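The following note sets out some points for a colleague who is reading this structure for the first time. Please keep the sequence and the model in view while going through them.

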Amino acid sequence: MRATKGVLLTCDAAVKQILLAMNEKQFFIIDDLDDNHLLIKADMEYMVRRELEVELEKNTYSLE
């Protein structure tokens with residue numbers, strides 16, 4: 001048995017789908033717990049949050 005340090009991420013279904021797609025490029029998800037929770041590698045948390053912010057900005061409408 002091997003222990004892995006992880007971070008519990010709570011998100012909605014849309015964000016979870018983005019994270020699952022991101023995981024195909026670089027593995028960071030340890031376990032898909034349920035519809036709203038993912039366990040990700042602790043050392044990848046900052047990268048995941050940064051990349052997710054970039055993806056969400058692409059999908060944000062601005063009036064400018």
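Predicted model: local features only at pLDDT ≥ 70, side-chain atom pairs only at ≥ 80, totals over all residues.

**Notes on the structure**

1. The protein exposes about 5,100 Å², and carbon and sulfur atoms supply 51% of that area.

2. In overall extent, the C-alpha trace spans about 55 × 20 × 20 Å along its principal axes. Of the 64 residues of the protein, 25% count as buried.

3. The protein contains two helices and three strands. Read from the N terminus on, these elements follow the order β-α-β-β-α.

4. Which residues have the most contacts inside the largest nonpolar core? They are Leu-19, Phe-28, Leu-38, Ile-40 and Val-48, in a core of 14 residues. Two or more residues of this core come from each of strand E1 (6–10), helix H1 (13–25), strand E3 (37–41) and helix H2 (45–58). As a general background, nonpolar side chains tend to be buried together in soluble globular proteins.

5. Phe-28 deserves a separate look. Leaving aside its neighbours within four places in sequence, Phe-28 is in contact with Leu-19, Met-22 and Asn-23, with Leu-39, Ile-40 and Lys-41, and with Met-44, Met-47 and Val-48.

6. The next point concerns sequence separation. Among contacts in the protein with a separation of 6 or more, 53% are between residues 24 or more positions apart.

7. As for charge, the protein carries 8 positive and 13 negative side chains. The centres of the two sets lie 8 Å apart.

How values were computed:
Residues numbered from 1 in each chain as written. Heavy atoms only, no water. Core = buried A, V, L, I, M, F, W, Y, C linked by side-chain atoms within 4.5 Å. Buried < 20%, exposed > 50% of the residue type's maximum accessible area, 1.4 Å probe, protein only. Helix = DSSP H or I, 4+ residues; strand = E, 2+ residues; numbered from the N terminus. Contact = heavy atoms within 4.5 Å. Areas by Shrake-Rupley, 256 points an atom, 1.4 Å probe, with all protein chains shown as cover. Lys, Arg positive; Asp, Glu negative; His and termini not counted. Charge placed at Lys NZ, Arg CZ, Asp CG, Glu CD.
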